[in-house]
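Colleague: I am new to this structure and would like to learn how to read it. Please take me through a few features.

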Amino acid sequence: MAASMKCAWARCLSTILLNSTKHRCQISQPLYASCSNISGDSGEGGTDQTGQEAGLADDTKKHRRDPGKAFTDVRVQKILLRLTGLDLDKVYEYRAAKGAGVAKVALMSDQQLKKVYESASYKALRKLQMPPVLGAREPIDEVLSEDPELEGLNTSKLVFIDISQRVPLKKRTIVVREPNGTLRKASWEERDVTLQKYFPQSGRKIGLPRMFQQDNLECMLDDGKHEYILNRACSQFEIDDPEYIRVTQRTYEHIHSNGKFEDLRSTRHFGPMIFYFTYYKKIDKLLVAFLEEESLEDSVDLVKLYHIVHPSCKSAEKVASMPDPTPLEIIGAFAEMDATQKSLVQQAIQTYEKECDSTDSTQLRR
């Protein structure tokens with residue numbers, strides 16, 4: 001039965017990978033909608049982080065290129081899916097919500113159970129669809145016309161929106177007439193408010209919810225509500241909104257600082273978090289965590305992901321020159337040449353090797 005379950009998981013994974021390959025460049029409104037609708041969560045909920053925010057700002061300056069191109073790479077997607085894993089107990093973990101169904105018990109044959117498991121695995125993979133990672137959107141600052149003869153006719157701004165049917169929200173025209181007669185395109189903030197009023201989206205509120213204000217956000221992070229914060233961020237913001245990027249990156253940094261990587265394992269946010277650490281060259285702690293779990297496959301996948309995102313790094317060049325590198329040689333090359341915490345990673349490698357030697361010796365004695 002275990003073998004059949006593993007085959008079912010492999011078939012489901014292949015289907016998702018095929019679909020993501022076909023549509024990897026179509027990051028459009030339907031994809032945004034899918035990001036906000038999967039969670040089904042809604043609601044709102046003091047650490048000194050000046051140095052952390054400054055570090056984020058410095059990292060952003062160093063990485064001006066859009067991360068979206070690297071994130072949608074098929075090789076990156078495959079590795080992120082493997083690292084995310086599939087824990088059905090966690091994916092289908094009960095969450096009290098309106099309309100939550102009652103658990104059903106049924107008597108099944110092995111064949112029926114196999115079909116149900118395949119179906120559950122496929123649905124679980126759909127729930128694990130990762131929110132795309134994009135760079136922050138550029139501000140809108142385009143004046144359409146200057147009409148000084150209209151100055152003084154109104155004391156407030158007038159907002160005009162195209163409410164035609166079947167127009168994607170991203171492409172819907174919204175303009176603003178200023179009291180001084182200037183006609184301009186609406187800013188992103190004005191667009192968000194206007195669209196939510198005319199085309200309300202479930203789980204999204206007008207204005208910034210209090211839970212995303214910095215002090216409240218820090219309190220929720222300290223309470224360990226990482227997944228809840230990220231689900232709400234997907235519901236509230238567009239994925240290229242600077243506020244979305246601020247909230248998600250701060251959440252990732254909090255997880256990184258406290259080593260709580262497992263909080264997001266087998267969730268749709270684990271892949272984007274790993275990509276964030278990889279993109280900004282902060283995988284050392286996560287790599288050590290994988291080695292401490294004696295998960296060599298995950299450790300190698302993480303280093304390979306690093307090499308794909310940063311192909312010109314020293315360890316990538318060294319590994320490429322090796323005829324047939326072993327997993328530990330790949331990890332060792334990274335630890336020696338590109339690790340920011342070199343001694344920490346090398347110590348984790350040595351501990352892993354000792355554990356393997358001890359296990360082999362025990363098996364031989366038996």
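Colleague: Are Y252 and Y276 buried or exposed?

Modeller: This is a predicted model, where local features need pLDDT of at least 70, side-chain atom pairs count only at pLDDT 80 or more, and totals for chains, interfaces and linings use all residues. Residues are numbered from 1 along each chain as its sequence is written, and side-chain values use heavy atoms, without hydrogens and water. Buried means under 20% relative accessible area, exposed over 50%, and partly exposed in between (1.4 Å probe, protein chains only). Y252 and Y276 are both buried.

Colleague: How many aromatic pairs are there?

Modeller: Rings of Phe, Tyr and Trp (its six-membered ring) pair if their centres lie within 6.5 Å; planes under 30 degrees apart are stacked, over 60 edge-to-face, the rest tilted. The structure has nine such pairs. The ring centres of Y252 and Y276 are 5.4 Å apart with planes at 45°, so this pair is tilted. Y252 belongs to helix α11 and Y276 to helix α12, 24 residues apart. Helices here are DSSP runs (H or I, at least four residues), numbered from the N terminus.

Colleague: At what angle do α11 and α12 pack?

Modeller: Two packed helices are described by the angle between their axes and the distance between the axes. Axes are lines fitted to C-alpha atoms over the stretch in contact, and angles run from 0 to 180 degrees between N-to-C directions. Helix α11 (residues 242-258) and helix α12 (residues 270-279) pack at about 80°, with axes 10 Å apart. They are therefore roughly perpendicular, a term for angles of 65 to 115 degrees.

Methods
Helices (H or I, at least four residues) and strands (E, at least two) are DSSP runs, numbered from the N terminus. Angles under 35 degrees count as roughly parallel, over 145 as roughly antiparallel, 65 to 115 as roughly perpendicular and the rest as oblique.
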